[in-house]
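Here's a quick walk through a model, written for someone who would rather look at side chains than read about methods. Keep the viewer open and follow along.

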Amino acid sequence: MQVKAVSDNSKFIRISTDETDLLLRTGSNERLYQVYLGPKLLQKSDLANLPAFNIDGKEAYQTSGAEDYFESALAITHADGNMTTILKYVSSEVKKQDENVSETIITLKDEVYPITVKLHYVTYGKENIIKSWSEISHSERKPIILNRYASSMLYFENPAYFLTEFSGDWAKEVNMSTQELKFGKKILETKLGSRAGMHTSPFFELGLGQPASEHQGDVVLGTIGWTGNFRFTFEVDNVGNLRVSSGINPYASSYELKPGEIFTTPEFIFTFSQEGTGKASRNFHSWARNYQLKDGKGDRLTLLNNWENTSFNFNEEILSDLMKEAKHLGVDMFLLDDGWFGNKYPRNDDHAGLGDWEAMHKKLPHGIPFLVNAAKEAGVKFGIWIEPEMVNPKSELFEKHPDWVIHQPNRETYYFRNQLVLDLSNPKVQDFVFDVVDKIMKENPEVAFFKWDCNSPITNIYSPYLKEKQNQLYINHVRGIYNVFNRVKEKYPNIPMMLCSGGGARCDYEALKYFTEFWPSDNTDPIERLYIQWGFSQFFPSKAMCAHVTSWNRNTSIKFRTDVAMMCKLGFDIGLKDLNADELAYCQNAVANFKRLKGTILDGDQYRLVSPYETNHTAIMYVGQGQDKAVLYTFDINPRYQEKLFPVKLQGLDPQKKYKVEEINLMTGRKSNLKENGRTLSGDYLMKVGLHPFTSNRTNSRIIEITAE
Ligand code: DGJ
């Protein structure tokens with residue numbers, strides 16, 4: 001690698017949180033380079049000593065066609081067919097939003113072609129989070145083609161790099177696996193279009209020097225806010241540097257950008273932690289609650305859902321009884337799932353009716369108003385399921401508007417779950433989807449919640465609306481979805497909404513601006529959920545993650561199933577008639593405990609203490625604001641015969657405070673056999689010596705309340 005010194009009048013741009021510095025510097029060639037990314041530098045005078053590279057360096061927004069031989073952030077075909085772009089620094093400005101948040105905007109231009117790129121970096125000081133995206137525009141005579149358009153490019157220089165990815169499928173989301181990155185590329189991407197995260201989730205962890213671990217080591221956690229095709233490219237180059245470029249997946253999406261049009265990339269959001277993934281996750285959790293999630297600081301509703309219980313088979317009487325059960329259980333709301341609509345093509349299974357959002361006369365002769373009223377009489381709120389971006393070919397919507405549907409005009413149609421995706425690049429379709437929500441709300445202003453599902457990837461890539469501009473489909477479709485989400489949020493800012501995609505295939509932080517929570521998986525087997533919730537918790541706070549008690553894995557006790565669900569936003573999806581008197585009493589008590597402790601569980605700091613990936617047990621705790629209350633969850637998954645049971649050392653407590661230790665959520669008549677139950681112990685003791693909650697019994701669980709005296 002050739003390295004040249006920079007001129008003295010180089011420009012430094014410092015992008016900092018309370019704990020992290022990202023430093024950019026112009027070279028003597030006026031191009032912009034990353035010279036540092038890591039823990040915050042304490043001495044300002046040290047900045048000038050940082051190296052700067054002009055050639056083969058770490059260009060902040062690497063362009064294509066010049067002298068760099070590795071992955072670029074931006075690749076343009078200019079109007080005259082030329083494929084090179086070289087960006088030079090022009091200016092930068094800082095906009096302080098408040099004490100904690102500020103935005104740096106850097107303008108770069110090509111001297112030969114009239115291309116402008118603005119790099120945006122928003123820093124969240126306390127939360128130690130940086131968001132970055134770019135805006136690309138031009139004033140060439142004719143449209144240019146964007147072949148690649150990353151949101152961000154970051155560089156690392158470490159002896160080794162380890163990538164943790166989150167992959168899976170329906171009902172087995174976010175399996176964490178780690179591999180070392182060697183020379184060449186590793187790509188994490190999706191091409192599924194709408195149910196985009198079904199096989200790979202839009203986030204990653206990077207261990208610098210060693211594999212990412214929970215309590216120590218340098219790690220970077222990154223995620224992209226894009227509810228469609230995304231791509232992360234990790235490339236180790238000839239000198240052992242790693243570059244990470246993140247953005248929309250350019251697959252089948254070379255974008256035609258008109259003169260004067262601004263192409264805005266999605267937000268790439270990341271944090272750097274020197275204390276492992278535990279700290280990095282807490283950064284994400286508090287940032288999400290403070291800034292990103294819809295109603296991030298607000299309350300959440302406990303609920304009873306009917307999907308696992310009744311599936312499509314219900315009527316007014318069955319639902320009215322369930323609403324009474326919801327009340328009896330003590331939850332806030334009844335949530336009606338799939339199967340309530342369609343008349344010409346009734347939705348009695350997943351083959352028909354999607355798109356026809358009229359209540360089904362046969363099941364619900366008095367429509368939604370009856371249900372809203374029945375819920376009111378029962379004393380709970382009423383929420384409803386929709387999947388408004390989709391259509392079954394067996395529907396009146398498809399009969400009327402086949403041109404609103406993404407499908408091939410001249411090839412056999414391929415169906416996923418017997419359905420097709422509506423063409424959200426078409427403004428008329430956007431209106432239709434918005435109207436699904438708007439009509440329900442106008443007719444039933446007391447509807448208190450929506451579960452918004454999305455069960456199919458885009459399967460037959462052709463938009464009748466875009467005609468010869470098919471290469472805009474994947475991008476314009478997602479923009480159309482955001483247009484609808486935005487209209488819904490503007491008109492109904494206070495309505496909580498659950499983001500769902502056949503389980504957890506949609507969970508990016510752009511969509512979560514419009515949703516209060518998401519559904520991590522249809523798999524509610526509590527053992528599987530321990531892993532799934534562990535995986536999603538790397539990026540999302542418990543407040544955003546719905547967890548329901550169901551009949552999946554009946555071999556586990558109702559206590560075990562409920563204790564697992566109580567780590568996130570608690571709900572039930574089970575008939576109370578399936579429970580005996582003791583089990584019902586236990587559940588009622590659990591709901592009351594959850595409501596009493598949700599300030600700590602949903603808004604506290606999470607500490608993942610013992611990993612289910614590494615041991616036969618797992619333990620997680622939450623510590624509330626002020627360190628006066630904590631809740632510890634411990635689970636024995638599959639202990640071995642005469643296995644040594646280690647104590648669990650707590651974290652996040654005040655060492656000086658004294659805490660009362662009390663096991664809760666016990667079955668009626670059961671006394672706690674926790675060794676330390678009822679004792680008062682110092683935070684110091686609890687964090688250094690710990691408790692002994694683990695047992696040799698399979699699928700045993702405990703919830704332990706820890707209260708400062
Ligand atoms: C998939 C969701 O993940 C389920 O919870 C349920 O709502 C079904 N769709 C309904 O079709």
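## A loop residue to start with

Asp 295 is partly exposed, because its relative accessible area is 44%; buried means under 20%, exposed over 50%, and partly exposed in between, with a 1.4 Å probe and protein chains only. You'll find Asp 295 in the loop between helix 1 (276-292) and strand 20 (303-305). Helices (H or I, at least four residues) and strands (E, at least two) are DSSP runs, numbered from the N terminus. Asp 295 isn't a glycine, yet its phi is positive, at about 50 degrees. Most residues other than glycine have a negative phi. Arg 417 also has a positive phi, near 50 degrees, in a residue other than glycine. Its place is the loop between helix 5 (396-400) and strand 24 (420-421), and Arg 417 counts as partly exposed because its relative accessibility is 25%.

A word on the ground rules: this is a predicted model, where local features need pLDDT of at least 70 and side-chain atom pairs count only at pLDDT 80 or more, while totals for chains, interfaces and linings use all residues. Residues are numbered from 1 along each chain as its sequence is written, and side-chain values use heavy atoms, with hydrogens and water left out.

## Around the ligand

Which residues come nearest to the ligand? Of the 13 residues around it, those are Asp 337, Asp 338, Lys 451, Asp 453 and Asp 522; a residue is near if one of its heavy atoms lies within 4 Å. That shell divides into six charged, four nonpolar and three polar residues. Here Asp, Glu, Lys and Arg count as charged, Ala, Val, Leu, Ile, Met, Phe, Trp, Tyr, Cys and Pro as nonpolar, and the others, Gly among them, as polar.

| Side chain | Ligand atom | Distance |
|---|---|---|
| Asp 522 | oxygen | 2.5 Å |
| Asp 453 | nitrogen | 2.7 Å |
| Trp 385 | oxygen | 3.1 Å |

The protein covers 97% of the 290 Å² of accessible area that the ligand has on its own, going by the Shrake-Rupley method with a 1.4 Å probe.

## Buried spots and the core

Thr 190 sits in the loop between strand 12 (184-189) and strand 13 (203-208). It is buried, because its relative accessible area is 3%. A polar atom of the Thr 190 side chain lies 2.7 Å from the backbone oxygen of Ala 196.

Asn 460 is in the loop between strand 25 (449-452) and helix 7 (473-491), and Asn 460 counts as buried because its relative accessibility is 4%. Leaving aside neighbours within four places in sequence, Asn 460 is in contact (heavy atoms within 4.5 Å) with residues including His 407, Glu 412 and Tyr 414.

The largest nonpolar core has 182 residues, and Leu 206, Trp 340 and Phe 382 have the most contacts inside it. Such a core is a set of buried Ala, Val, Leu, Ile, Met, Phe, Trp, Tyr and Cys residues joined through side-chain atoms within 4.5 Å. Apart from that core lies another, of 20 residues, among them Tyr 607 and Leu 674. Beyond its neighbours within four places in sequence, Trp 340 is in contact with, among others, Phe 314, Trp 357 and Trp 385.

Key. A polar contact is a pair of N or O atoms within 3.5 Å; within protein, one must be able to donate a hydrogen and the other to accept it, and residues adjacent in sequence count only if both atoms are side-chain atoms.
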